[in-house]
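The sequence and structure come first.

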Amino acid sequence: MSVLSIKTRIIKNIQDNLNLGSIKRLLHTISNKPVLALYGSSIKSITDKYLNIYTIRNLNEVYSGKYPVAFGSLFLPYELIIGLGLKPFLPEIMGGFTAGLGISGRTIKAASNNWYSSDLCTFHRSAAGACEMDLFPKPSFIVCSNLACDAAGKSFQNFSRKYNIEKNFYFIDVPHDDDGASLSFLSKQLENIFYEVSGKLNKKPDIEKLKKTINCSNDFRKFAIQANNIRKELYDYPQYFNGLNYILPFFGLSGTKETVNLYKIMTGELQEKLLKQDKNKKMKKVLWMHLKPYYRNEIFNILEKNNCRVVFEETSNVFWDELDPDKPFKSLAKKMLSNPLRGNGENRIKAVQQIAALYDIDGIIMFSHWGCRQSNGLSRLIKESFNKKSIPVLVLDGDCVDINNCPAGQIKTRVEGFAEILNSI
Amino acid sequence: MYTCGIDIGSVSTEALILDIDERKDYKILSYAIIKTGSDSKTAAEKSFKMALSEAKLNRNEINYIVATGYGRVIVEFANKNITEITCHASGVTLLFPDIITIIDIGGQDSKVIKIDRTSKKPIDFLMNDKCAAGTGRFLEVMAKTLEINLENFGEIFLSTKEKVDITSTCTVFAESEIVSLIGRGVAKEKIIKGLIYSIADRIISMVSRVGLEAPVCLTGGVAKNSGIASAIEEKLGVKLQIPFEPQITGALGAAYLAGKI
């Protein structure tokens with residue numbers, strides 16, 4: 001059986017039986033070794049195979065009810081969550097999954113029926129709808145921050161009410177500035193969460209476990225940097241290496257051994273591809289900013305057909321320094337503060353300018369996801385900053401989750417038109 | 001060599017045949033403009049046949065065909081598809097070599113294209129969002145609501161001094177607003193003046209985002225409406241260049257680019 005047909009059957013099963021019990025049973029069934037082996041056997045890339053299997057296993061654990069689950073927003077230091085022995089679950093990423101599974105129409109509608117405004121981004125709306133439909137596992141804790149996304153604090157607070165765990169809702173206030181006072185303020189918040197959650201779990205605070213998690217995160221960071229370095233030379237690789245497919249391990253599972261393995265495998269596979277690469281083949285190098293549509297779409301195929309390749313993504317940037325396991329809270333606070341999406345827009349512009357120079361970028365596609373003001377608000381300055389360097393920027397208005405808010409024909413014309421511009425330079 | 005460009009838009013389809021010599025000098029042999037209707041494939045075929053007939057050529061005498069416009073992918077007999085952005089840019093710069101900014105207002109989309117002064121190739125563009133406001137379709141709906149022939153809008157705009165502001169951007173809401181204005185006894189001429197300014201405002205907003213640089217060319221079926229052209233000129237403060245037939249620039253560019261295949 002091909003991977004496509006297995007995937008199609010899984011998706012159809014979820015679409016036809018959209019309830020928590022069915023999702024649990026399905027995850028349990030496909031997590032069985034023989035089924036996973038069959039599923040994995042038809043995936044050619046070992047990295048893609050590992051990612052798929054790892055994601056299924058992780059979701060099965062989260063849904064199993066055997067472990068305490070923490071909902072978290074995208075840019076948390078997940079080393080803290082994993083170090084506490086909690087299973088992270090990222091509703092925003094699951095919002096993206098609903099698009100891939102073809103159920104976002106239903107989840108978005110459920111959110112609408114429960115007073116979520118159509119002005120709210122669909123990662124949040126779809127997650128909120130899934131929450132209202134009881135499609136998510138019940139969390140024990142909810143942790144979120146205001147880093148980049150202001151909506152997370154509000155959406156996630158609603159989730160805490162839905163699950164009746166308002167006392168286990170933690171909001172991390174990430175300051176605007178990166179200075180000593182901000183570091184202390186943020187570090188103290190992380191430390192408080194660690195000790196308070198440990199207490200609520202009736203566990204002695206296990207700093208050694210947190211240190212191990214941080215060491216794992218450092219190992220992942222090392223391999224991610226290696227992979228990124230290889231990508232500076234590599235342009236001819238399949239789409240599954242697109243970093244936008246690795247958001248869950250890169251952010252939500254940093255600090256697990258599996259993520260270290262994933263990036264170790266990726267580094268090896270990319271190195272092999274680099275050695276085999278046809279050096280005479282030249283493509284236009286595109287940097288992708290923000291996220292991508294997670295439903296089936298043709299954007300990346302259109303780029304490939306038109307001699308363009310996304311060679312790097314803003315989300316693949318290893319922006320943080322190595323963490324110090326002996327100063328876990330300070331290190332994790334530093335990681336949060338060094339995120340280019342924090343504070344002034346100049347931080348983000350500077351970061352993407354550096355990436356563009358490192359990867360010898362020919363053009364930028366900035367996906368302007370509906371309702372994501374932290375990103376879209378900066379589009380003019382981003383465009384102007386690159387235009388000064390004669391690098392074309394396509395601000396592609398669309399929606400990462402709601403296919404009905406992203407007409408395929410219009411997207412095709414814009415992407416093809418942009419590719420034609422890049423190829424004419 | 002003989003080449004053909006076919007531009008399949010949402011409202012109209014244009015086919016244009018060129019005779020291109022070795023120095024890449026060109027001569028327009030014929031063109032046809034027809035309604036696209038519900039079947040874009042048939043419209044492409046029909047317009048091609050009409051253009052062939054006018055040029056007194058057979059199908060097999062055409063060396064290359066390029067299809068453009070939203071329906072470009074369905075033209076099976078085309079050698080290549082190129083977007084309307086590149087084709088419009090090519091067509092306009094053939095007619096007006098110094099043009100820097102192109103405003104194209106079609107049936108269901110409007111776009112602004114910026115041309116590089118040196119290479120004469122497009123370097124930036126912006127298209128309207130998923131909404132018919134500021135396009136030909138918007139005008140058609142309003143003409144029907146007002147029960148006034150769309151062809152008279154230009155003359156009415158130029159001869160009317162006062163206007164009423166149309167505040168709704170959405171075509172459906174604007175239609176309701178107009179019905180309400182008519183109900184209040186507001187003169188239709190003032191409504192038309194307001195409508196045309198509202199379209200011009202949307203176009204100016206797009207031009208501002210891409211960055212206004214003269215000379216500016218206006219193309220697309222809506223360019224035939226003298227009222228729209230005047231309103232845009234007034235708002236931009238620049239004189240617009242308008243091709244002799246503003247609907248064919250996409251097909252012209254496509255035909256010329258076919259000569260480079």
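**Notes on the predicted model**

1. Lys24(B) is exposed, with 9 other C-beta atoms within 10 Å. Here a residue is buried if 20 or more other C-beta atoms lie within 10 Å of its own, exposed if 12 or fewer, and partly exposed in between, with C-beta atoms placed from the backbone. Although Lys24(B) is not a glycine, its phi is positive, at about 70°. The residue belongs to the loop between strand E2 (12-20) and strand E3 (26-35) of chain B. Helices (H or I, at least four residues) and strands (E, at least two) are DSSP runs, numbered from the N terminus.

2. This is a predicted model, in which local features need pLDDT of at least 70 and side-chain atom pairs count only at pLDDT 80 or more, while totals for chains, interfaces and linings use all residues. Residues are numbered from 1 along each chain as its sequence is written, and chains are lettered from A and ligands numbered from 1 in the order in which they are written.

3. Ser390(A) counts as exposed because it has 9 C-beta neighbours inside 10 Å.

4. In chain B, the peptide bond between Ala214(B) and Pro215(B) is cis, with omega about -5°. Pro215(B) is found in the loop between helix H6 (188-210) and strand E9 (216-219) of chain B.

5. Chain A contains 19 helices and 8 strands. Its radius of gyration is 21 Å, close to the 22 Å that the globule rule gives for 425 residues, so chain A is as compact as a globular protein of that length. That radius is taken over C-alpha atoms, and the rule is 2.2 Å times the number of residues to the power 0.38. The C-alpha trace of chain A spans about 65 × 55 × 45 Å along its principal axes. Of the 425 residues of chain A, 47% count as buried.

6. An open sheet of 4 strands in chain A has the order E6-E5-E7-E8, with parallel pairing. Strand E6 (308-313) and E8 of chain A are at the edges with a single partner strand each, so one side of each is left without a neighbour in the sheet. Two strands pair if DSSP finds at least two bridges between them. Strand E7 (residues 363-369) of chain A pairs with E8(A) in the parallel sense over 6 bridges, and Phe367(A) stands opposite Leu396(A) in E8(A).

7. The contact between the chains takes 12 residues from chain A and 14 residues from chain B. Residues are in contact if their C-beta atoms, placed from the backbone, lie within 7 Å. On the side of chain A that touches chain B, helix H19 (residues 408-424) of chain A gives the most, with 9 residues.

8. How do H19(A) and H2(B) pack, and at what angle? H19(A) and helix H2 (residues 84-95) of chain B pack at about 55°, with their axes 8 Å apart. Axes are lines fitted to C-alpha atoms, for helices over the stretch in contact, and angles run from 0 to 180 degrees between N-to-C directions. H19(A) and H2(B) are therefore oblique to each other; angles under 35 degrees count as roughly parallel, over 145 as roughly antiparallel, 65 to 115 as roughly perpendicular and the rest as oblique. Thr413(A), Gly417(A) and Glu420(A) of H19(A) make the contact with Glu84(B), Ile85(B) and Thr86(B) of H2(B).

Terms used:
Contact = placed C-beta atoms within 7 Å.
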